[in-house]
Amino acid sequence: EEEVVVNGLKLTSASPLSVALLHKDKRMVQLLLEAGAAPTSTYSKRCGSEGLRHTFSSCVPCVVTGDLEMLQLLIRFRADPHVACPENNATLLWEAAYANKAHIAKYLAKLGVGLDRRAQFQDNSSLSHTPLHIASRMGNADVLEVLLEALANVDVHDGRGRGPLRDAVRFRYNRVAQMLISHGAPILSMRESDAPMRQTSTLFRHIEHWWVPGSRSNARAGRLAYLWQPQNRVMVGAVAQGLSDTPWQLSLLSAGDIINFIEADCTSPNMVMTALFQRIGTSDMRHWDQSLRIREERTMMYARNTRHKLSYKLESNVVQGPDITDLKKLYTTKKSPFNPPNEDMERFLDALIPQKHRAGDPQVFRHVVTFKCRLPQIQHSFGLIASIALHRSSHIFRTMACQALVHHWWHHNWVKFGSGLRSLHQCLNITLYSAIIILLRFVGQEPSCEAHFAIGWVIFGFWTLDVLWHLFNLLGIRLVDNTLVHLWEHMMWVDTATIVLTAMHVVPLILASLTDAGSYTFDEAGSLILAFVVILRWISLFKILVTVPRFGTVLLPVIKAAADAGEFILVLILFFAAMLSALLISLPVDVSTIGQLLMVFRLAMFGDFGEIAVHADLSNEISATQTIQITLLVVTSFLVAVVLLNVFIAVLCKNYELQYENTWPSFIKERAKEAVNVYATKLGVLFVCRLCSRGPLRRLQSWATHSKSEPPFLWFSVSIEDGDLLLLDAKEPNALSRSGMRLPHL
């Protein structure tokens, strides 16, 4: 067949009306229609990679070019808007979705053109798409918005099992993916992957596993494997935003998917953590009293009354419990949870929403809001708490969901026992080293005295426990990804340096006590090692003390404020170096080098030139050179040094004010890190027990792994003020945080 070129298109057939429409000649179209031209006339051309001939209605050029006025003109002359291409069944709405003409699609949708009518894809005749699916495949977000408002079906596929969400993720259409999930597109429609895996060498995979945080090649096994293969953080954030609009879909995911969302370097962690817990109304938790005569609904609970309330902190109770359907079943069958067969339910209600005042504890009776995790058993995932502890942003620790998970892990029996044991261990070590210092410096005992050797043997025993704890901890940490990052974030180098320096101090002492006690000497190197050991022991103790509310909420703002002022400290160091280079020549030469450095430091930092005046010869007349030197010292010390110090103090105050706002999130993060540290040690012990399957270690393993069956879901209740109750809405669980109050995201 001979082809005719019309307006750049190669046509195999065309009517005069179609030619006029392709040329966008409105006057000619009007004349032809008034002269009786059929508005149903067609034209044909070859389309797609297969070159198949397709016949199009005369309305298609108006749709493709977005000429709504021309399309309305044709319809007034009785053109059929429901007409479809006979070869692939494409309607005008399908063509508008393909060409991204949102206003045309909106007009046709109002006319009732088939929203879910399928058409074959021109590049692959084995695929068929609805208008919404083809808009998603082409990334046409404007048309997709129109179709979603028209309630087009989002749960469709192309004949090969791929849905619109799958294609949107595959072709990196972030906005399209977010819109589809927000309107209920099934998240599991993209769980299978036909894309090639990213190939990396074995060495690089090991480096990523140990060091790279959140590397997608090492994403945990989950149900959204296709989302984690391409390293597209923007897409992960878009999917998380969609899930926050349809949080019920989170119940379809696994713990591995939640971990991957948290490790993504975008806004996904906050959105997913906030949507992970479902608000349960107190009316859904109604139950019968023990006599089965009175319906009870707990809308208030006793909560601790604190005078100084930290930002982002609410009084809450975290407890493991059943699904809400179990409580509803008792209510509908008229069974009381307070009768003996339902003792577990009774303990759950009393722990979640306590109704009894604890003696000696300042408590008030307040309104309560309850939340339940959508995923069962996720609170037992060690990988989840490890990824939370590794997260660098403090925003995730402001969410009440994150605080509930950390609270659950912190009150784990192993974590509480291990953390208390570590703090006691460090306190005893500091006490023993203090005793050594007292013996050597104040009592005047010789280094080879019996008391010194006795304390050394006790320290050696504690050092052995340190080594075992450290080894077990390393064995447990290796079970999580990004092991080196965990070791650095948890300051494991402090523990390693403490063990090495303690060995350098105590091993010679033990060897001397076993061979020749009189040969032991305590030189300057030994005293320096002892000083470093004591400092590191105090640092290790502070690492644990910051997880105690009484100390952590005071120490953390101070430590973090000083850390944030690091750049200014560098400026002070540079200023001291400049003062040293400029004024060292002016100092008295009869003073030692260390003395001169101290004099420059006092002058630069405090503006104190009294020491220089003491060493200067002021009995004779001051020369012009000395006058210039003294003037330089005065101007430098008061106009520069004092000003810099005052600015430094102001910077510290400002940083402290900012850090005090984030005291509670920082405290929660430190607790999460300590929980991971302690529980990893337990996993290391279990690993060794599995290697030694016989003897007492076998019994230790069975005792450590034995646990009674626990309820599947994690619940938490939050006490709120009477005035804040008006801000809450069941559809908007974040109403408290949006009200301007410094409260966690509910």
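The model is predicted: local features need pLDDT of at least 70 and side-chain atom pairs count only at pLDDT 80 or more, while totals for chains, interfaces and linings use all residues. Residues are numbered from 1 along each chain as its sequence is written, and side-chain values use heavy atoms, with hydrogens and water left out.

**Overall architecture**

- The chain holds 33 helices and 14 strands, taken as DSSP runs (helices H or I, at least four residues; strands E, at least two) and numbered from the N terminus.
- Of the 746 residues in the chain, 46% are buried (under 20% relative accessible area, 1.4 Å probe, protein chains only).
- Among contacts (heavy atoms within 4.5 Å) between residues at least 6 apart in sequence, 73% join residues at least 24 apart.

**Largest cavity**

- The whole structure contains 2 cavities of 30 Å³ or more; a cavity is a set of points on a 1 Å grid over the protein atoms alone where a 1.4 Å probe fits but cannot get out.
- The largest cavity has about 50 Å³ of space, a volume being the space filled by probe spheres set on grid points joined across faces, edges and corners.
- Its lining (residues with an atom within 4 Å of a point) consists of Phe-56, Ser-57, Val-60, Val-83, Ala-84, Cys-85, Ala-90, Thr-91, Leu-92 and Glu-95.
- Strand β5 (52–57) and helix α5 (92–99) each contribute at least two residues to the lining of the largest cavity.
- This lining comprises 7 nonpolar, 2 polar and 1 charged residues (Ala, Val, Leu, Ile, Met, Phe, Trp, Tyr, Cys and Pro count as nonpolar; Asp, Glu, Lys and Arg as charged; the others, Gly among them, as polar).

**Second largest cavity**

- The second largest cavity has about 40 Å³ of space.
- Thr-282, Met-285, His-287, Arg-298, Leu-349 and Ile-353 form its lining, which divides into 3 nonpolar, 2 polar and 1 charged residues.

**His-287, a lining residue of the second largest cavity**

- His-287 belongs to strand β9 (residues 287–288) and is buried, its relative accessible area being 2%.
- The His-287 side chain reaches the backbone oxygen of Met-285 at 3.1 Å, and Met-285 also lines the second largest cavity.
- Beyond neighbours within four places in sequence, His-287 is in contact with Ile-294, Arg-295, Glu-296, Arg-298, Tyr-331, Pro-337, Phe-338 and Leu-349.
- Among these contact partners, Arg-298 and Leu-349 also belong to the lining of the second largest cavity.

Notes
Buried means under 20% relative accessible area, exposed over 50%, partly exposed in between (1.4 Å probe, protein chains only). On a 1 Å grid over the protein atoms alone, a cavity is a set of points where a 1.4 Å probe fits but cannot get out, and a pocket is an open set with protein on both sides within 12 Å along at least five of seven lines; lining residues have an atom within 4 Å of a point. A polar contact is a pair of N or O atoms within 3.5 Å; within protein, one must be able to donate a hydrogen and the other to accept it, and residues adjacent in sequence count only if both atoms are side-chain atoms.
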